Each structure stands twice: as C-alpha cells, then as structure tokens.
Amino acid sequence: MKFQQIDQFAAELKADTRAAVYDGSKKGHEKRTKLLFDEFPDPNHLRRVAGKIKQHVVENLDTYLPAVEAKMKANGVQVHWAATADAANAAVLGIMRARGATKIVKAKTMVSEETELAHFLEKEGIETLETDLGEFIVQIDHDHPSHIVKPIIHKNRREIARSFEREGLGAYNDDPETITRRARTFLRHKYLEADVGLTGANFVSVESGRIVLVTNEGNSRFCLAATKCHIAMIGIEKLVPRDYDLGLLLNLLARSGTAQEVTVYTEFISGPKSAAQPDGPEEMHVIFVDNGRTEVLASECRDILRCIRCGACLNVCPVYRQASGHAYRSVYPGPVGAVLSPLLMGEKFAEKADLPKASSLCGACNEVCPVNIPIPDLLLRLRNKAKEENIPSPGTPPMGAWALLASQPTAWRAALWGGKAINYLPTNLLPIPALRAWEAKRTLPAWRGGEFRKWMKGRARTPGASAKTT
Amino acid sequence: MSDDRESILSRVRGALAPLRERAAMPDYTTEIAVMRNLLAGRDALAVFSERIKRVNGIALTDPAALVEKLRAGGWLHGYCDPALWPTLAPHFGEGFKVETVFDRTRVDDYAFGITRAAGAIAETGTVILDDVTTSSRLAALAPWVHVAVVNRAQIFSDLPQAVAALGADSNVIWCTGPSKTADVEGILIEGVHGPGVQIALVVD
C-alpha cells in the first residue's frame with residue numbers, strides 16, 4: 001500500500017531534523033500562550049476582532065485596492081501590478097534595468113519565495129542576496145525555508161557552521177554568536193554596495209498608504225538605509241483599512257509569531273526618504289501581486305486570505321511538528337499551507353490535494369490563529385473539493401465497506417457485537433497492510449464496541465442530563 | 001502591466017460579485033490591546049525604563065552616565081548628530097573621538113551613533129525614530145551602540161497612542177531593544193545587522 005506523500009516524508013525524516021523542528025515549534029507555541037494570557041484578560045476577543053477586520057478587508061478588496069493605489073501615488077510611490085509570479089519578477093527586473101542597477105539586497109518576503117525571485121534575478125545576471133540570517137543560510141545551501149518565521153528551524157548549528165566554512169566565511173565554528181557575527185560582517189558591506197533594497201510588507205494601511213514591516217534583525221532597515229531604490233513586493237490581501245487597526249494587529253502579530261510584545265523593528269514607510277535625510281531610497285516602488293490570490297478569493301476558502309503569516313499554526317500543529325515544513329512541498333507549510341498551497345496551484349490543484357488530508361482536524365490551529373481563521377473547516381471543504389473532482393487519494397484506506405455498515409443500524413449493531421472477536425485474533429497476522437503498519441508501532445486497544453451506545457441510553461434517562469449536555 | 005492591473009481588479013470584482021453580503025468592519029477600540037494593568041497610575045518614564053530593560057535595552061537620564069557606559073564598553077569612536085553635539089560635548093572627556101558627519105565608506109569605524117528620537121513608547125520600551133529627527137539612518141543602525149536621545153515629554157504610554165501620532169513623516173521606525181535573531185537553534189543572539197546595544201538617553 002502506498003502512503004500519503006506527507007507520511008512518507010515524515011517516515012524518512014532524519015531524527016536530528018525531527019527533533020529540531022519539534023523543539024523549535026513547541027517552544028514557540030508555549031511562549032506565545034504565556035505572553036498572550038498573562039497580559040490580556042481575554043486574548044480570544046482580540047483574535048476575533050482582528051479576524052473580523054481582515055475578513056472585511058478580504059471581502060472589500062474591490063474598493064480598497066484602487067483606494068490604496070491612489071493614496072500611494074499621492075505619496076510619491078510608483079505602483080505596479082503583477083497577475084502572475086512571472087509578471088512580478090519581470091516587474092522587479094524592469095525597475096532594475098531602468099536604473100542600470102546590478103545588485104539587490106532582499107529582506108524576507110514570503111511572496112518573493114512564491115515567485116522564486118532570487119533564483120530568477122540571478123539567472124538574469126543580477127547579484128541577489130538574502131539578508132535575513134536564516135534566509136541567507138537557506139540561499140548559500142540552495143535549500144528552501146521550512147517555516148514561515150523561522151526559515152532554518154530544520155537545521156542545526158553544525159550544518160550551518162559547515163556551510164559557512166564551505167562559503168569561505170571563516171574556519172569551522174558552530175557557536176551561534178560567531179555564526180551571527182560573521183554574517184553581520186559579511187552582509188553590511190553588501191548592503192552598502194547594493195543598488196536596490198527589496199522588502200515585502202506585513203500590513204498596508206489603505207487610509208495612509210503606509211506599508212508596515214516587522215523584523216528583529218534590522219536587515220530590512222539596513223536595505224532601506226543603504227540603497228537608493230526601494231521595491232516592495234506585496235500580496236493583494238495585505239491591506240488593513242486604517243492606521244488605527246495597526247494598534248491591534250501589530251500586537252497580535254508579534255505575540256503570535258515570536259512571542260514578543262512588539263518586534264525589535266517596526267517600520268512605517270509611506271514613500272521615498274525625506275529631503276533632509278542623507279540615507280535611504282529616493283525612489284519607491286510597490287508591486288501588488290495576485291499569483292493565484294483572486295482564485296482563492298473566488299473560492300469557498302477565501303477566509304484563508306486573512307492570514308498575517310505569523311506561523312503560530314505551524315508551531316502548534318502535531319502534523320507539522322512530526323513532518324517538518326518541507327513535507328508540505330510548498331512555500332507555505334503547516335495548517336495554513338495545507339489550505340493555501342493547493343488553492344494557489346489553481347488548475348493544478350490535484351498536485352497538492354493530499355495536503356488537506358494530512359490533518360487530524362484537532363482544531364489547535366484555529367485556536368491560536370491571531371485572525372481566527374477556521375482552518376479545520378477549510379480543510380474539510382478542500383477534502384470535499386478533491387472528492388468531487390475525483391482526485392485519487394493514495395494511502396487512504398477504502399471506506400466503502402465501512403460506509404455500507406454504518407448506514408444500516410442492524411448491521412452496525414451486529415458488527416459491534418461481533419467485533420469482540422478482534423480481542424482474540426492475532427491482528428498482526430491479518431492481511432491488512434494498513435493495520436499491520438499501524439500495529440508495528442502501537443498496541444491496539446481492547447475492543448469495547450457498543451459501550452458508548454449503552455452509556456448514551458443510560459444518560460438520556462437521567463433527569464436533568466439534557467441540561468448538562470452542550 | 002496596466003493590463004495586469006485591469007485583469008486583477010476585474011477578477012477581484014468577479015470573485016466578490018456572488019457574495020450576498022460583505023463582512024462588516026467591526027466596531028471596536030484598540031484599548032483592548034493595551035496592557036492597562038502595567039500602565040495604570042504610573043509615570044511613563046518609570047514604565048519605559050522598566051520595559052526597555054526587559055528587552056535588554058538601557059535607559060539613562062544623565063549624560064555623564066552615558067559617557068561612563070561608553071568608556072566602560074571601550075566604545076570611544078563614534079558619531080553624534082551635529083544638533084546634539086554642542087550640549088553633549090562637555091560631558092565627553094579625554095580619549096573620545098566623535099564625528100558629526102557619518103561617512104558610509106567607513107561604517108566599521110564607528111562604535112556608537114547618537115541621534116535624536118521622535119519619541120518613545122512606555123508599554124514596550126520602544127524608541128521612535130523618524131526621517132526628520134534622525135540625522136542619519138545609517139548612523140542610528142550600523143554602529144554597535146545606538147544612543148537615542150528621547151525628550152521626556154514625548155513618551156507615549158502605549159502602542160495605539162504611538163500609532164495615532166505617526167504623523168506625516170514618510171519613514172517612522174520603532175526600535176525595541178537591540179537587533180536580534182533566534183534563527184540558529186532558537187538561541188537568542190543580539191547585534192545581528194543593527195545595534196547590539198540600544199540605549200535611550202531621556203532628557204527634559
């Protein structure tokens with residue numbers, strides 16, 4: 001029997017990697033919970049309000065997008081639109097060619113991961129450098145990020161030290177502080193040599209046209225202090241109606257993402273540098289990128305467009321913790337990725353239709369989501385979509401016999417009674433591969449078929465019982 | 001790319017057209033996101049000093065203490081905003097070399113940079129820099145130590161208040177403690193691309 005792809009990947013994962021991902025995500029989740037619940041009497045209220053704000057934006061993009069474009073233009077920003085990944089990359093290249101620019105420094109942006117911008121620019125002869133420490137390491141290793149916020153959660157210090165040695169960044173040394181200092185020394189001169197600084201945006205205020213960037217390392221600030229041209233690549237769903245709403249959303253983003261009250265650097269950028277300021281971009285471009293988002297908007301899963309890319313759902317997810325980010329074969333791993341990645345595939349949905357099935361629907365992702373996205377519901381809708389489109393599902397046991405049994409009360413009762421036989425059968429010898437695979441690592445609990453029904457019957461007769469059920 | 005604009009906007013309109021109702025903007029106040037217990041009845045400077053310490057930043061109120069700190073760290077060569085230097089110079093004694101023009105070809109020469117802040121946020125221990133008050137973005141970022149000179153009257157109590165005061169400046173940045181990363185095995189390292197030491201000198 002074939003396993004689901006994500007199961008297969010998880011089964012073959014190195015123990016080191018699994019441990020790194022598990023520890024990193026668990027720690028992230030515990031710190032977040034403590035911070036939110038220590039400081040606010042009802043953090044869930046914050047999440048619900050933030051979810052409503054973002055849902056409102058998503059459902060009113062037809063008015064907000066032209067409005068923010070007009071505001072940005074009034075602020076002196078050049079606004080571009082890109083329907084596809086290729087168009088977005090071409091827009092960046094076009095801006096660079098027009099300036100005669102040959103070097104670009106990049107801060108972390110998920111949308112540029114979608115478009116594989118760095119790869120594209122390098123092929124075009126542009127010197128392209130990732131400046132976020134984790135992304136820099138991913139780049140020199142020709143690897144892919146495996147977490148939205150912590151791109152190298154899957155790597156340990158020894159692997160990184162070997163990469164630095166290989167790249168001529170000093171003799172092998174796996175002390176994290178030494179690794180960080182070496183990157184600092186190397187990268188600061190690269191910023192100063194670069195022509196263009198590229199960033200994404202965490203939020204864009206329609207009211208003021210400001211883009212908001214949050215970082216901890218200060219790399220995006222360095223991009224915007226050292227270069228003369230700023231390009232921001234932004235997904236069309238990043239808008240918030242007013243500056244006022246940032247007061248709530250920034251609070252939630254930092255707490256949910258990295259368990260901070262606020263990130264070290266929070267930048268509010270509404271245009272090129274002021275006249276008196278000696279450093280920074282004289283020219284600012286914004287590229288609004290669709291790349292499949294309008295299709296998500298047209299689907300029954302448009303709620304996923306609320307996402308503010310904090311990574312909290314990855315950290316809490318039992319599947320992510322065991323399988324790691326690369327198991328999702330997508331830019332967006334974890335629960336958010338299981339919804340977003342297949343949808344962003346557009347007509348090639350089938351290629352990633354297995355991802356929504358890699359979930360126990362435990363609901364933890366929904367409970368931690370700062371914008372309260374009902375991820376389990378969306379996963380179910382996508383499972384349904386796959387079923388309706390007759391997309392094969394390798395690794396899923398055939399359910400036909402079960403369905404037949406479950407729809408006939410008499411047969412069901414008989415099966416529950418007859419099921420007791422399983423307590424006496426040598427189940428590890430049965431010719432059912434799925435059962436054998438399952439039993440290889442676990443013990444089958446004793447059969448207690450029918451107990452629940454008995455309990456239910458007794459409960460219904462107890463006076464007042466219905467008042468207790470919720 | 002004007003074609004792309006039209007195609008994106010028409011697809012957005014098409015996607016939203018079937019919705020019978022659009023989600024309404026919630027009526028709320030950002031007061032729900034303020035750490036009121038922390039702030040209630042307390043002096044903004046006291047809270048700010050406590051909170052900046054929590055993110056490994058340093059708050060000082062005496063220029064002499066600043067000079068002491070720089071000397072103790074061995075940070076003797078630096079940059080100071082020319083507008084601040086006349087008042088700070090008398091506190092700097094022998095052994096310091098302070099420039100009032102930041103030369104980007106020698107970024108590694110400067111161990112510290114002193115610039116004016118546009119304000120601060122008590123709740124989070126944040127200093128606020130903007131383009132008009134910051135004499136050089138690079139000088140406030142590249143040296144190992146950044147000293148932000150904060151006017152005591154410009155300490156906002158909380159984050160929503162600071163958002164309301166963003167004003168017309170095209171570039172505002174909130175800095176909360178030293179630059180940091182936890183990318184390598186989740187271990188906290190300070191001083192990644194920006195300052196490893198963040199000091200706020202609060203003056204009246």
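Visitor: What makes A:Gln277 a residue in contact with chain B residues such as B:Asp131?
Guide: Contact takes heavy atoms within 4.5 Å. Leaving aside neighbours within four places in sequence, A:Gln277 is in contact with B:Asp131, B:Thr134, B:Ser135, B:Ser136 and B:Arg137. Keep in mind that this is a predicted model.

Visitor: And where does A:Gln277 sit in chain A, and why is A:Gln277 called buried?
Guide: You'll find A:Gln277 in the loop between β9 (265–269) and β10 (283–289) of chain A. Buried means under 20% relative accessible area. A:Gln277 has 1%, so it counts as buried.

Visitor: Why is A:Pro66 called partly exposed?
Guide: The label covers what falls between the buried limit of 20% and the exposed limit of 50%. A:Pro66 has a relative accessibility of 27%, so partly exposed is the word for it. This proline lies in helix α4 (residues 61–74) of chain A.

Visitor: What does A:Pro66 touch?
Guide: Not counting residues up to four places away in sequence, A:Pro66 touches A:Leu61 and B:Leu9. As for A:Val206, A:Pro66 is 140 residues from it in sequence and 9.3 Å from it in space, C-alpha to C-alpha.

Visitor: How do you know how many disulfides there are over all chains?
Guide: A disulfide needs a pair of cysteine sulfur atoms within 2.5 Å. By that rule the count over all chains is zero. Take A:Cys301: the closest cysteine sulfur, in A:Cys365, is 13 Å from its own, so that is too far for a bond. A:Cys362 is in no disulfide either, as its nearest cysteine sulfur, that of A:Cys365, is 6.2 Å away.

Visitor: Is A:Cys301 buried or exposed?
Guide: Its relative accessible area is 3%, and the buried label takes anything under 20%, so A:Cys301 is buried.

Visitor: What makes the phi of A:His142 worth a look?
Guide: Most residues other than glycine have a negative phi. A:His142 isn't a glycine, yet its phi is positive, about 50°. A:His142 is in the loop between α8 (133–140) and α9 (157–166) of chain A. With a relative accessible area of 75%, over the 50% limit, A:His142 is called exposed.

Visitor: What about the phi of B:Asn56?
Guide: That one is positive too, near 65°, in a residue other than glycine. B:Asn56 is in the loop between α3 (44–54) and β1 (58–60) of chain B. At 43% relative accessible area, B:Asn56 lands between the two limits, so it is partly exposed.

Visitor: Now chain B as a whole. How many helices and strands does chain B have?
Guide: Chain B has six helices and twelve strands.

Technical notes:
Residues are numbered from 1 along each chain as its sequence is written. Chains are lettered from A and ligands numbered from 1 in the order in which they are written. This is a predicted model: local features need pLDDT of at least 70, side-chain atom pairs count only at pLDDT 80 or more; totals for chains, interfaces and linings use all residues. Side-chain values use heavy atoms; hydrogens and water are left out. Helices (H or I, at least four residues) and strands (E, at least two) are DSSP runs, numbered from the N terminus. Buried means under 20% relative accessible area, exposed over 50%, partly exposed in between (1.4 Å probe, protein chains only).
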